[in-house]
Amino acid sequence: MMKKKFLFILCFIPVLAIAQPQNSSVDFWEKLQNLCGKSFEGKITDAPENDSFRGKKLVMQVKSCEANQIRIPFYVGEDKSRTWILTLEKGLITLKHDHRHEDGSPDKITQYGGTSSNTGLSRIQIFPADQQTSDLLPNASTNVWWITLDEKTFTYNLRRLGTDRVFSVSFDLTKPVECSDSPWGWKN
């Protein structure tokens with residue numbers, strides 16, 4: 001009888017390993033990697049009326065996808081200074097903002113962002129401001145960024161807790177656009 005139980009357990013273990021649900025951040029990551037090489041136009045869905053991005057063409061370009069890093073330039077009109085850098089490490093995703101001058105040199109305010117505090121959901125990842133951000137931009141200490149992703153839309157969002165500051169831009173994933181640009185300072 002003991003032998004039969006042992007054999008049953010040995011046969012059942014592979015089924016359990018296969019049936020384990022995948023980490024939500026890994027699901028999110030895989031969805032994002034499916035966008036690699038594509039560009040999408042966006043529109044502001046929430047921001048102050050006088051926001052400097054209003055009235056400009058907004059394009060995200062999923063330009064570089066490595067196993068653990070995805071770089072997404074975000075163009076605002078002719079301004080090619082911004083790249084969102086997402087890094088997957090130990091099941092958590094980090095969002096950093098790389099800002100460059102037209103000559104490619106780093107802006108003095110760059111590499112701010114945060115790491116998800118948990119695996120989140122396969123359709124949303126949340127990034128509270130990290131210590132580096134707090135040191136660089138004390139007013140941004142309460143920033144929370146989040147990205148939503150489904151079959152139709154990608155949204156980038158910012159909320160500064162305790163203030164009225166909010167910014168959201170939504171990109172239509174059903175209509176890829178042509179974009180051969182490169183962000184300032186881009187090295188192929």
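**Entry 1: terms and model**

On a 1 Å grid over the protein atoms alone, a set of points where a 1.4 Å probe fits but cannot get out is a cavity, whereas a pocket is an open set with protein on both sides within 12 Å along at least five of seven lines, and lining residues have an atom within 4 Å of a point. I am working with a predicted model, in which local features need pLDDT of at least 70 and side-chain atom pairs count only at pLDDT 80 or more, while totals for chains, interfaces and linings use all residues. Residues are numbered from 1 along each chain as its sequence is written, and side-chain values use heavy atoms, with hydrogens and water left out.

I looked up the confidence before anything else: pLDDT (the predictor's confidence in each residue, from 0 to 100) averages 90 over the protein, and 88% of the residues score at least 70. I noted one stretch to treat with care, residues 6-17, where pLDDT stays under 50 and the model has zero contacts beyond four places in sequence (contact means heavy atoms within 4.5 Å).

**Entry 2: overall layout**

I find three helices and eleven strands in the protein (DSSP runs, H or I of at least four residues for helices and E of at least two for strands, numbered from the N terminus). Reading along the sequence, I get the pattern α-α-β-β-β-β-β-β-β-β-α-β-β-β. Of the 188 residues, 38% count as buried (under 20% relative accessible area, with exposed over 50% and partly exposed in between, for a 1.4 Å probe and protein chains only). I also noted that, among contacts between residues at least 6 apart in sequence, 44% join residues at least 24 apart.

The largest pocket holds about 510 Å³ of space (grid points are joined across faces, edges and corners, and the volume is the space filled by probe spheres set on the points). I count on its lining 25 residues, of which F53, Y112, Y156, L158 and R165 lie nearest the centre. Strands β5 (79-89), β6 (92-99), β9 (143-149), β10 (153-160) and β11 (166-177) each supply at least two residues of this lining. By residue type the lining divides into 13 nonpolar, seven polar and five charged (Ala, Val, Leu, Ile, Met, Phe, Trp, Tyr, Cys and Pro count as nonpolar, Asp, Glu, Lys and Arg as charged, and the others, Gly among them, as polar).

Not counting residues up to four places away in sequence, H97 touches T83, W84, T110, Q111, Y112, G113, W145 and Y156.

**Entry 4**

I recorded about 170 Å³ for the second largest pocket, whose lining is made up of K57, V59, Y75, G77, E78, K80, V177, E178, C179, S180 and D181. These lining residues divide into four nonpolar, two polar and five charged.

S182 sits in the segment after β11 and, at 29% relative accessibility, is partly exposed. Beyond four places in sequence, S182 is in contact with K63, Y75 and K80, and its side chain joins that of K63 through a polar contact of 3.3 Å.

I placed T45 in strand β1 (residues 39-46), where 47% relative accessibility makes it partly exposed. T45 and S168 are 123 residues apart in sequence, yet their C-alpha atoms are 5.4 Å apart, and the contacts of T45 beyond four places in sequence are S168, V169 and S170.

S116, in the loop between β7 (112-115) and β8 (124-128), is buried because its relative accessibility is 3%. The S116 side chain reaches the backbone oxygen of N118 at 3.3 Å, and among its contacts beyond four places in sequence I listed L92, I93 and F127.

**Entry 3: positive phi angles**

Which residue of the loop between β5 and β6 did I look up? It was K90, whose phi is near 55 degrees, a positive value in a residue other than glycine. Most residues other than glycine have a negative phi. K90 counts as exposed because its relative accessibility is 80%.

Technical notes. Polar contact = N/O pair within 3.5 Å; in protein donor to acceptor, adjacent residues only side chain to side chain.
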